[in-house]
Amino acid sequence: MNPGDRVRVDHDGATDEGVLMPTTDEEHLVLKLDGGYNVGIAREDADVEVVESDVYDIEESEAGGGEASEIEFDDDLPTVALVSTGGTIASTVDYRTGAVTARFDAEDVLRAVPELAGRANYRGRVVADILSENMEPSIWQDLADAVKEEIEAGADGVVVMHGTDTMQFSAAALSYMLDTPVPIVFTGSQRSADRPSSDNVMNAVCAVEAATADAAEVMVCMHATPSDDDCALHRGTRVRKNHTSRRDAFETVGGEPMGTVDYEAAKDGQGDAAGVSFHDDHTERGEDELAIHPDLATDVELVKPTPGMDPAAWDYLDGKDGVIVEGTGLGHVHTDLIPRLEELVEDGTVVAMTSQCIEGRVCDRVYDTGRDLLDAGVVESGDTLPGTAKVKLMWALANTENPADAMGRDLEGELTEESQPWT
């Protein structure tokens, strides 16, 4: 049997049939099943029958051998910097184990997503190689520095490859930390490259096209629907991951996405922002001068009150620089928790209120609890998303003279115009 043969394997009381894949591990077989997944099987437990020979012509380079691809520079194409922090967007299959592993330099990205070839000149840069749930503010600072350096080096746009779990936090952080003359587009993949429903190719192609467009803002580019039709472009401070696994998990809260990318048009485009359209006001390419404001006050917490919560649960908030409260409804907490928040404010902590509700804004002037919170010194944050509010407060504490006042003002599109609470 040879890689590319269709085989049937009996092992451990089970039978799997699929295409034999190359592997450098002599102790395991790797099959690509009909559903698109890969499975590793111990050779010593396997009884193999070749069903059909040479079903696929599998090159040796797929097993990790062969020559590394080269990226030729084309003066007629824009230059896009591919900056990675981790995630599955540029993942490839490790044929030693059948598992999906991350590959992050520019050549690896083009091998993983060959549809990107010919769209731009690429530079690859690794800032971190982490699961996005392990993201830290210090990495946001490293990321902002890297993006700034890439723009200074001539990048016409930047694509940040990022795990989806905390992408909204990182996009918000860069929205505050960078003034950018070019697009900065975050993208990722909800489903890994070994799955037939993987979204990595479409998201990457659309992100590169958006990076060559005219909106010089921080955006998140992900599937707009479950189908492979459009990607949505979400403003970095208004986006939220609203589903654990759907391909269209990301949504602009409180409005429509700032733009879309038509995938069919993007596939036919060659680095000319094909299929990209914008539906909202945005900063034009070249309108802002490049600048970085990287300082963050990291001693900020986001807390969520729930019925029956013991006020002692918030004892750890003593001495914090800032606290974001994700309150109920219009921005409320249990009456017994209000003295705790007042103590924090009196000790110098900036306490800002957001809402657990997905839509709408806080308004602490309607009920007695809200008025008591205002009297305690808690600041209203309008309809700023709780996660964005945490990042904003970290930035405002380090970069503004009056952080409490800043939390009630729109800085980077995070706080929309006043709306009535019943609409």
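Are Tyr176 and Trp395 buried or exposed? Keep that one in mind while we get our bearings. What you have on screen is a predicted model, so read everything below as computed from that prediction.

Start with the whole chain. There are 423 residues, and buried ones make up 50% of them. The fold uses nine helices and 23 strands. If you take the contacts between residues at least 6 apart in sequence, 68% of them join residues at least 24 apart.

Now back to the opening pair. Search the whole structure for aromatic pairs and you find one. Its partners are Tyr176 and Trp395, and their rings are stacked, sitting 6.0 Å centre to centre with 25° between the planes. The two come from distant parts of the chain: Tyr176 belongs to helix H3 (residues 167-177), Trp395 belongs to helix H8 (residues 386-399), and 219 residues separate them. As for the question, both Tyr176 and Trp395 are buried.

Next, have a look at helix H4, residues 200-211. How far apart are its end C-alpha atoms? They are 16 Å apart, which agrees with the 16 Å that twelve residues should span at 1.5 Å a residue. In case you try the sum yourself, the expected span is 1.5 Å times one less than the number of residues. Burial is the other thing to check here: twelve of the twelve residues of H4 are buried, so this helix is largely enclosed by the rest of the structure. Among those buried residues are Asn200, Asn203 and Glu209, along with Val201, Met202 and Cys206.

An unreviewed UniProt entry places the feature "active site" at Thr88, Thr164, Asp165 and Lys241. Let's follow Lys241, which you'll find in strand E15 (residues 239-241). Why does Lys241 count as buried? Its relative accessible area is 16%, and buried means under 20%. Leaving aside residues up to four places away in sequence, Lys241 touches Thr164, Asp165, Gln168, Gln190, Ala249 and Phe250.

Technical notes. Residues are numbered from 1 along each chain as its sequence is written. This is a predicted model: local features need pLDDT of at least 70, side-chain atom pairs count only at pLDDT 80 or more; totals for chains, interfaces and linings use all residues. Side-chain values use heavy atoms; hydrogens and water are left out. UniProt positions are given in the numbering used here, feature names are shortened, and annotations may be inferred rather than shown by experiment. Helices (H or I, at least four residues) and strands (E, at least two) are DSSP runs, numbered from the N terminus. Buried means under 20% relative accessible area, exposed over 50%, partly exposed in between (1.4 Å probe, protein chains only). Contact means heavy atoms within 4.5 Å. Rings of Phe, Tyr and Trp (its six-membered ring) pair if their centres lie within 6.5 Å; planes under 30 degrees apart count as stacked, over 60 as edge-to-face and the rest as tilted.
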